[in-house]
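Open the model in your viewer and keep the sequence panel beside it. The stops below say what to select and what is found there.

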Amino acid sequence: MNYNEWRLQNENGTVNEYIAACRANWRIDLTDANLNDANLNDANLRGADLRGADLSGADLSDANLSGADLYGVNLTGANLTDADLYGVNLYGADLTGADL
């Protein structure tokens, strides 16, 4: 179940609750999710599918993104300070103004 489908069933749920549920049950699928300005500080997004997501202005500092697929992701103005980017697919991602 991807984030958008989950939100239909859990309209008051946060992205961090979704991530926790995924860790327990299935792979994190945040394809095309609107997560602009989200607080994902220290989030464990290892291996997550974030293709096409909008993470503009998001706080991903200290996040574990190792092995994640960020193909075509909007990361303009995002904070990626000390994020683990080992093996991340950033092809087509927009990193304009991102803090690396």
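Select Asp 49 and Arg 51 and show their side chains. In this predicted model, the two residues form a salt bridge, with 2.6 Å between the closest N and O atoms. Are the two partners buried or exposed? Asp 49 is buried, because its relative accessibility of 7% is under the 20% limit. Arg 51, at 39%, counts as partly exposed.

The Asp 69–Arg 51 pair links distant parts of the chain, the two residues being 18 positions apart. Both Asp 69 and Arg 51 belong to the segment after helix H2, which spans 15-25. With all three side chains displayed, what do Asp 49, Arg 51 and Asp 69 make up? They are linked in a network of salt bridges. The count of salt bridges comes to two.

Next, select Ala 33, which is also found in the segment after H2. Ala 33 has a relative accessible area of 1%, so it is buried. Which residues touch Ala 33, leaving aside those up to four places away in sequence? They are Tyr 3, Asn 4, Ala 53 and Asp 54. Now draw a distance between the C-alpha atoms of Ala 33 and Tyr 3. The value is 6.6 Å, although the two residues are 30 positions apart along the chain.

What is its backbone like? Asp 32 has a positive phi of about 60°, and it is not a glycine. Most residues other than glycine have a negative phi. Asp 32 is exposed, with a relative accessible area of 55%, whereas Ala 33 is buried.

Then move along to Asp 37, again in the segment after H2. Its phi is positive too, at about 65°, and Asp 37 is likewise not a glycine. The relative accessible area of Asp 37 is 59%, so this residue counts as exposed.

How many helices and strands does the chain have? There are two helices and zero strands. Along the principal axes, the C-alpha atoms fill a box of roughly 35 × 20 × 20 Å. The radius of gyration is 12 Å, which agrees with the value near 13 Å that a compact globule of 100 residues would have.

Switch to a surface view. The chain exposes about 5200 Å², and carbon and sulfur atoms supply 42% of that area. Of the 100 residues, 41% count as buried.

For the last stop, colour the side chains by charge. How many are positive and how many negative? The chain carries 5 positive and 16 negative side chains. The centres of the two sets lie 9 Å apart.

How values were computed
Residues are numbered from 1 along each chain as its sequence is written. This is a predicted model: local features need pLDDT of at least 70, side-chain atom pairs count only at pLDDT 80 or more; totals for chains, interfaces and linings use all residues. Side-chain values use heavy atoms; hydrogens and water are left out. A salt bridge is a side-chain nitrogen of Lys or Arg within 4 Å of a carboxyl oxygen of Asp or Glu. Buried means under 20% relative accessible area, exposed over 50%, partly exposed in between (1.4 Å probe, protein chains only). Helices (H or I, at least four residues) and strands (E, at least two) are DSSP runs, numbered from the N terminus. Contact means heavy atoms within 4.5 Å. The radius of gyration is taken over C-alpha atoms; the globule rule is 2.2 Å times the number of residues to the power 0.38. Accessible areas come from the Shrake-Rupley method with a 1.4 Å probe; for residues, only the protein chains shown count as cover. Lys and Arg count as positive and Asp and Glu as negative; His and the chain ends are not counted. The place of a charge is taken as NZ of Lys, CZ of Arg, CG of Asp or CD of Glu.
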